[in-house]
Structure formats: C-alpha cells, structure tokens
Amino acid sequence: MLELQHISYDVEQDGDNKGILRDINLTINERFVAITGPNGGGKSTMAKIIAGIYKPTAGRILLDGEDITDLDITQRAQRGISFAFQQPVRFKGLTVKDLITLASGKNIGVPEACNYLSEVGLCAKDYIDREVDGSLSGGELKRIEIAMIMARGTKLSVFDEPEAGIDLWSFSNLIQVFEHLHEKINGSILIISHQERILNIADRIIVLADGQVRSQGTRDEILPELLGAAPGVCSALSDKVK
Ligand SMILES: Nc1ncnc2c1ncn2[C@@H]1O[C@H](COP(=O)(O)OP(=O)(O)OP(=O)(O)O)[C@@H](O)[C@H]1O
C-alpha cells in the first residue's frame, strides 16, 4: 500500500515559489489505479515523486508503512517500485532476453522470458534475440517495457502515459495488454492516462487538476463526470493519441 501524506512540490519561478503539487493526500492499494486530469495538472510530477526522481518539498510517502520519502530511485526500486517512462529507454548492446532476465533478477531461461513476451502480445521467437535499440518501434518498446515490469513483479508499477507517441492501431493492442496485465498482476498498477479505454479498466480513478486532487472514486463514480461535465478534463481525455 502506498500513502502520500500532505505532499507538496514547489519550484522556483521568476523569484517566486510555484506550487506544482499542493497538499496531496492519497492512499493507493487497489490493483489498478488511474490518474487523469488536464494537461499541466501535476500528474507526471506526482509519478516522479513516487518513483523517487523528484523529492517533495513537504509531506511523506509511505510504502507498506515504511517511510520512503528520503530514499532515492534505486532504493525505491529495491523496495518494489517500478517506473515506466513516457518514452521507453533503449539499451544498445542488450537483447530483449537480457533485459527480461535482468528485470526478473533471476537466471530465467528462454522459455520463461518468451512467456513474458507472449503475455504482451509479441511473438517471442521474433523478438527474444533482438537488440533493444532504435530498430524497435515505439509500440514494440512499450510492450517490451511492460514485459520487463511483469518479469520484475514489483509491488507497485507506475506507467506515465503509456499511450503517448504511439499510433491508434498499436494503442488498441496496448489496451488489450493492459487488460491482460490487470488480470495477471500481483501488485498494484498506477497508470497516468488521458484515455477513456484505460480509465475504463481502472478500479479507481484519481483526477488531478491544478496540483490538487479534484476528485477520486470508482470508474462508475468518476467517468460520467469526466465525460460529461468538465470540458477541460474531457478534451484532455481524447487529445493524447498521436
Ligand atoms: N521544473 C519545473 N519548473 C517550472 N514548472 C514546472 C517544472 N516541472 C513542472 N512544471 C510545471 O508544473 C505543471 C505540472 O506539470 P506535469 O508535467 O506534472 O503535468 P501533467 O499533469 O503530467 O501534464 P500533461 O498531461 O501535459 O503530461 C506544469 O504547468 C509544468 O509546466
């Protein structure tokens, strides 16, 4: 269980303090939690604070009761937090099998590594020996990253806009991967997304706007509000697939 207690994040701008996140209080213990909201609302900042990339200006972060506020990104990874960037990292010189093996932390064999690739809809024999370099498409990289996160099997996996920068066709396939992940995952997934189809599979939706939690609840409570009333959030739901 992840708890954010009174989290604030300020940056200095033109000699003034600008509050990017303002007194955020959240408990995340469901299997699949989505964070959405208008552009600039503070979602990526919050994900980076959870992963340990940014340090909050105020407040505490607890993972299963342990205060991890002062732990760095590596220590948080060791405690069981995985973070998938908007743009997946390429690893020249390493093959897909190397990465999945490294992620799992065990000396897994080819069949097990291939299973993870199959789980994300990639034909394992075509990918297992490929180098993770510029020859892979954005959609393929995202799936390989998800396969790595599945292999890691951590307590909390954070995805920042997995739909960013991929085409509609690949996006449709990616949704199926997330639906599958939803069934398979042991820990919690925290996913930042503007996409209704991703919000639709979330157990809980958190709406972040102007650095504050505007609302949160089950998808039945939140989705109608997002799709109907608030124009700012509503347009943000559909403007992201490029
Ligand atoms: N280092 C910084 N200095 C100044 N402003 C910053 C800094 N980091 C973030 N911001 C501002 O904080 C706000 C929140 O940014 P953030 O990237 O967290 O938003 P977001 O909700 O993820 O947006 P999007 O939906 O567009 O990805 C934005 O207005 C951004 O310009």
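Reader: Which exposed residues does the face of helix 4 turned away from its buried side carry?

Author: In this predicted model, helix 4 spans residues 110-119, and Ala 113, Cys 114, Tyr 116 and Leu 117 are buried in it. Those four cover an arc of only 155° around the axis, so they lie on the same side of helix 4. The face turned away from that buried side carries the exposed residues Pro 111 and Ser 118.

Reader: Is Lys 43 buried or exposed?

Author: Lys 43 is found in helix 1, which covers residues 43-51, and, leaving aside its neighbours within four places in sequence, Lys 43 is in contact with Ile 35, Gly 37, Ile 192 and Leu 208. A residue counts as buried if 20 or more other C-beta atoms lie within 10 Å of its own. Because Lys 43 has 23 other C-beta atoms within 10 Å, Lys 43 is buried.

Reader: Which residue takes a positive phi in the hairpin of strand 11 and strand 12?

Author: Strand 11 (residues 204-209) and strand 12 (residues 212-217) run antiparallel and are joined by five bridges, with Val 207 standing opposite Ser 215 in strand 12. The hairpin of these strands has two residues between them, and the residue that takes a positive phi, near 50°, is Asp 210.

Technical notes: Residues are numbered from 1 along each chain as its sequence is written. This is a predicted model: local features need pLDDT of at least 70, side-chain atom pairs count only at pLDDT 80 or more; totals for chains, interfaces and linings use all residues. A residue is buried if 20 or more other C-beta atoms lie within 10 Å of its own, exposed if 12 or fewer, and partly exposed in between; C-beta atoms are placed from the backbone. Two residues are in contact if their C-beta atoms, placed from the backbone, lie within 7 Å. Two strands pair if DSSP finds at least two bridges between them. The arc is that of the directions from the helix axis to the C-beta atoms.
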